[in-house]
Amino acid sequence: MSLYLLVALALAGYFTLLFIIAQIIHNNAIVDLAWGPGFVLVAWMGYLVMPTKTVLATIVVSLVTLWGLRLFAHLAKRNIGKPEDYRYVNMRKRWGNQFPMLKAYLNVFVFQGVILYVLSLPLFFMMTAEPYPLHWWHYLGLLVWLIGAFYEVVGDWQLQQFKANPANKGKLLTTGLWSTTRHPNYFGEALSWWGIYLLSITSVVSLSGIIGPLGITLLLLFVSGVPLLEQKYKDRPDFQAYAAKTAKFFPGIKKNA
């Protein structure tokens with residue numbers, strides 16, 4: 001059985017199980033917790049079936065594991081025990097009473113499974129490649145991943161510390177990394193995947209794996225990350241002042257505001 005089919009079946013089972021659990025606890029937002037571990041699952045499945053565990057593959061699976069488990073731990077600490085996220089509550093309202101479970105399965109769990117599969121293309125190329133020596137772009141990829149991880153982890157930590165202070169209730173975080181971009185955690189996540197992509201390049205064919213980091217960047221920038229938060233705060237005068245002087249996504253580039 002090919003790795004592509006094996007991973008497809010594994011993800012189908014993974015997201016179906018999550019769907020069943022979500023219906024039992026009446027909370028579709030648990031799919032967010034599964035995002036990082038889903039990539040870890042793909043990476044390790046590919047790594048374990050590799051006949052030769054290459055240096056590049058070992059680096060990539062290690063970085064994906066660190067990223068995925070850190071994201072899971074962060075979201076679990078923030079979300080477990082809380083009511084269902086407003087995004088999924090709004091979805092339920094839009095679906096109405098006709099086949100709500102089927103709509104949840106297809107629109108939330110199957111959809112995210114398909115997206116995760118497509119975005120994992122760089123991992124597929126890496127895990128099916130012949131042994132390949134390290135080149136300059138691989139070292140660059142590691143550096144890019146480290147910078148991305150710094151933005152994501154420190155950005156989340158700064159926001160967590162800010163919210164933990166009762167004096168900041170109702171205020172916006174505009175200092176630290178949040179003074180360089182309005183979404184340092186999302187920017188860092190995207191940058192980390194550009195690093196993984198650079199590390200996965202071992203042939204001309206593997207260049208097409210760009211769909212992974214490009215897709216994640218576009219999702220965060222235009223679909224599931226940035227737009228939802230921007231919409232939530234857009235009418236607040238303090239956010240408008242913050243947005244006027246702070247880049248929307250790419251640090252230092254004010255025109256993306």
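Contact here means heavy atoms within 4.5 Å. The legends below describe close-up views of a predicted model.

**View A. Packing of helices α5 and α6.** Helix α5 (residues 86-95) packs against helix α6 (residues 100-119) at an angle of about 135°, the axes lying 10 Å apart. That angle makes α5 oblique to α6. The crossing of the two helices, α5 and α6, is right-handed. From α5, the residues Y88, M91 and W95 meet P100, K103, A104, N107, V108 and Q112 of α6. Sorted by class, this contact of α5 with α6 comprises 6 nonpolar, 2 polar and 1 charged residues.

**View B. Salt bridge between R70 and D156.** The two side chains, R70 and D156, meet with an N to O distance of 3.0 Å. The pair links distant parts of the chain, with R70 in helix α4 (residues 55-79) and D156 in helix α8 (residues 136-164), 86 residues apart. R70 counts as partly exposed because its relative accessibility is 23%, whereas D156, at a relative accessible area of 5%, is buried.

**View C. Salt bridge between E230 and R182.** The closest N and O atoms of E230 and R182 are 2.8 Å apart. This pair also links distant parts of the chain: E230 belongs to helix α11 (residues 226-233) and R182 to the loop between α8 and α9 (184-200), 48 residues apart. Both E230 and R182 are buried.

**View D. Salt bridge between D235 and K234.** The side chains of D235 and K234 meet at 3.4 Å, N to O. D235 is exposed, its relative accessible area being 62%, while K234 is partly exposed at 36%. Elsewhere, salt bridges that share partners join D32, D85 and R87 into one network.

How values were computed: Residues are numbered from 1 along each chain as its sequence is written. This is a predicted model: local features need pLDDT of at least 70, side-chain atom pairs count only at pLDDT 80 or more; totals for chains, interfaces and linings use all residues. Side-chain values use heavy atoms; hydrogens and water are left out. Axes are lines fitted to C-alpha atoms, for helices over the stretch in contact, and angles run from 0 to 180 degrees between N-to-C directions. Helices (H or I, at least four residues) and strands (E, at least two) are DSSP runs, numbered from the N terminus. Angles under 35 degrees count as roughly parallel, over 145 as roughly antiparallel, 65 to 115 as roughly perpendicular and the rest as oblique. A crossing is left-handed if the near helix is turned anticlockwise from the far one by less than a right angle, and right-handed if clockwise. Ala, Val, Leu, Ile, Met, Phe, Trp, Tyr, Cys and Pro count as nonpolar, Asp, Glu, Lys and Arg as charged, and the others, Gly among them, as polar. A salt bridge is a side-chain nitrogen of Lys or Arg within 4 Å of a carboxyl oxygen of Asp or Glu. Buried means under 20% relative accessible area, exposed over 50%, partly exposed in between (1.4 Å probe, protein chains only).
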